Amino acid sequence: MTLARSTALAFALLLVAGCSGGSPGTSAPPFPPPKQPQSGGLYPQDSTAARAILANVAPAGARAPQGWSGDGDNDTDDGDWGTLVLPSMVSCGDGTYATDCSVWRWGSPNGTRSVARGGLAFTPGSNGMAPALNFCRDSSLYPTDLAAPAIPLYGLAPYSFTLTYLGTKPTPIVAFATRWWNVSFDGGFQSGGKTGNATLTPVLTTAASRGWLLFFTWSWPADVVAVPYGINEIQLASTSAPLTVPPRGSAQLGAFDCLGRTIAAHRTGGGIGFGPSEGSPTVASTGPELNVPVYGFANPTGSIVLRDDRGARTVTTVVP
């Protein structure tokens, strides 16, 4: 969902007091998430963790394109993170969050993965590296004059990875995708099993979307891990995430739109602009590639929001 994977979007960590958990059934069936919106049956009712975490999950509807909201990005989409009732979560790096990062182990993804992400270097640890689930309809058309994308990107095809639970809380493991109407998702955990082969297939091609894959243990409070995914979002060049703009100088902002749409960029904060004076707060591309200078003034800070008319939006921070 930016997405250098956090795409400089601020996903607030939620602290929610939960009710005491019950025990799982001894032969609970594996949970297949729905492939389309349903009024009920979205998660196993016997799972107290599922009932708590997914209590407010959105019933239906993809993200709609939205216009500017003042001088900021007040309606930035969180991929339905805000509808989830989560225990205390911490960042595991690479855009993922968990109650305890050490109890989840990632297997090798089925695609080539760069460890350079958004200007930061991530070193795979003993628990492996979480997958970068960044899908782009026009991935093969990414411009050669831009630096490599900040997040490795893939075409609209299935992507598989393995996940193992190393903790001690009761299984089975529940797998769930927010925005499930935009993806086909198989968590792959058998009843009682602690290792699953997850496969995510993006199915949305006419608009952009982001969401979260959730894996959590059966009873509340649960061990939870959340993995973001993005479909047809605007792709920032690695040199633009973050964007280093020197005082009284300039830097090139590079981005690509996965749906072939024009990109509108809007500054937030002060000290930067898209012209040699601070009175140039916006700029737009003439095609799917944005490659423009950003000028710095006395104190270049803030962020730049990029959007198209199909719901794609991402944010990059500006650092002096």
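Colleague: Which residue in E10 stands opposite Ser 160?

Modeller: Thr 199. Bear in mind that this is a predicted model, with local features needing pLDDT of at least 70, side-chain atom pairs counting only at pLDDT 80 or more, and totals for chains, interfaces and linings using all residues. Residues are numbered from 1 along each chain as its sequence is written, and side-chain values use heavy atoms, with hydrogens and water left out.

Colleague: What makes E7 and E10 a pair?

Modeller: Two strands pair if DSSP finds at least two bridges between them. E7 and E10 (residues 195-202) have six, in the antiparallel sense, so they qualify. E3 (residues 104-106) also pairs antiparallel with E7, over three bridges, and there Trp 106 stands opposite Leu 163.

Colleague: Which residues of E7 sit on the covered face, and which on the uncovered one?

Modeller: Tyr 159, Phe 161, Leu 163 and Tyr 165 are on the covered face, with Ser 160, Thr 162 and Thr 164 on the other. In a regular strand the side chains alternate between the two faces of the sheet.

Colleague: Why is the pair of Phe 135 and Tyr 159 called edge-to-face?

Modeller: Rings of Phe, Tyr and Trp (its six-membered ring) pair if their centres lie within 6.5 Å; planes under 30 degrees apart are stacked, over 60 edge-to-face, the rest tilted. The structure holds 13 aromatic pairs. Phe 135 and Tyr 159 come out at 6.5 Å and 85°, so edge-to-face it is. This pair links strand E6 (residues 133-135) to E7, 24 residues apart.

How values were computed: Buried < 20%, exposed > 50% of the residue type's maximum accessible area, 1.4 Å probe, protein only. Helix = DSSP H or I, 4+ residues; strand = E, 2+ residues; numbered from the N terminus.
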